[in-house]
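Welcome, and please load the model in your viewer. We will go from stop to stop, selecting a few residues each time.

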Amino acid sequence: DNSVDGYQAIAEFHGDPGKCPTPTAKNRLACCIHGMPNFPFWHRLLVVQVEDALRRRGSHIGIPYWDWTKPNTHIPALAADETYLNPHDNAEHVNPFHHAKIGFLGGDAKTSRDPLPALTQTPDYGDHTELYDAFLLALEQDNFCDFEVQFEIAHNLIHAYVGGNSKYGLSSLSYSAFDPIFYLHHSNIDRIWAIWTALQQHRGKPYKAHCAQSYVYTPLKPFAFHTPYNNNEKTFSHSTPTNIYEYERELEYAYDNLQYGGLSIPELDDYINNNLKSKPRTFVGIHLHGIKTS
């Protein structure tokens, strides 16, 4: 679908061909935001953009989320199988979650994956996967900017583990959003942010980005672009990050649960305070020689 809110156009919101600072600029860059406090906001809007486009085409489901914190993490069958059996005609069809074409490249260019062994983990009883612990460290943080740093670092692991060395895979910023599994990944990324928000409310602490005021009041592109680049009124009117904290009310979606590893919000808070923080841990600071900052 090459229409303004079709799959190809929305995938182009993220990487190549660049649409920022404007789609008509001489030198254009990708619009996606990484390494800054507004990373969660930008990607929340992208998942909404896809979900709304599906609904306009008759879909009655939300974007599924892939919970990669569970043991034996692997690419789910929904996205791993090349074909699926359609119960309506009892025939095999190409699975649209397996891959997608990269339209702007032309020809037969399509997404691919190169899963790394680190994606599949079977920890000993009572232990956690690396991904579980990485996001748990993010959830432990009790202010937005510290949370966002650890949260984004952990998010990067999935891109690396699934994309591997594939040229057109999840590990390539230029093409990652063309792979349908990108949206299953980022649906869960958004759910983790929702879990942290609920955890902060339970803690009685702020969940908004008071530490990043210059970022959260700046409209996010390309969601802030008028038609013909964005015809989704919801993401357009909520393109300023401060408008999307209350996602259930503002963006009209919710998750089936906000559990982490089977723990409810109060149980998660108790686990962090009485189990996680009580264990001896070592943190390593890296000093970047050229940039001269940690």
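Predicted model: local features only at pLDDT ≥ 70, side-chain atom pairs only at ≥ 80, totals over all residues.

Residues are numbered from 1 along each chain as its sequence is written, and side-chain values use heavy atoms, leaving out hydrogens and water.

**Stop 1: the disulfide.** Select Cys 20 and Cys 31, which are joined by a disulfide with an S to S distance of 2.0 Å. Here a disulfide is a pair of cysteine sulfur atoms within 2.5 Å, and a search of the whole structure finds one. Both partners sit in the loop between α1 (7-11) and α2 (39-56), eleven residues apart; helices are DSSP runs of H or I with at least four residues, strands are E runs of at least two, and both are numbered from the N terminus. Look along the S-S bond of Cys 20 and Cys 31: the link is right-handed, at 105°. Cys 20 and Cys 31 are both buried, that is, under 20% relative accessible area with a 1.4 Å probe, protein chains only (exposed is over 50%, partly exposed in between).

**Stop 2: Cys 32.** Now select Cys 32, which is in no disulfide; the nearest cysteine sulfur, that of Cys 31, is 7.9 Å away. Cys 32 is buried, at 11% relative accessible area.

**Stop 3: the annotated spans.** Next, select residues 34-51 and 179-190, where an unreviewed UniProt entry places "domain: Tyrosinase copper-binding". UniProt positions follow the numbering used here, feature names are shortened, and annotations may be inferred rather than shown by experiment. Residues 34-51 are 72% helix and 0% strand, with end C-alpha atoms 22 Å apart. Residues 179-190 are 83% helix and 0% strand, and their end C-alpha atoms lie 18 Å apart.
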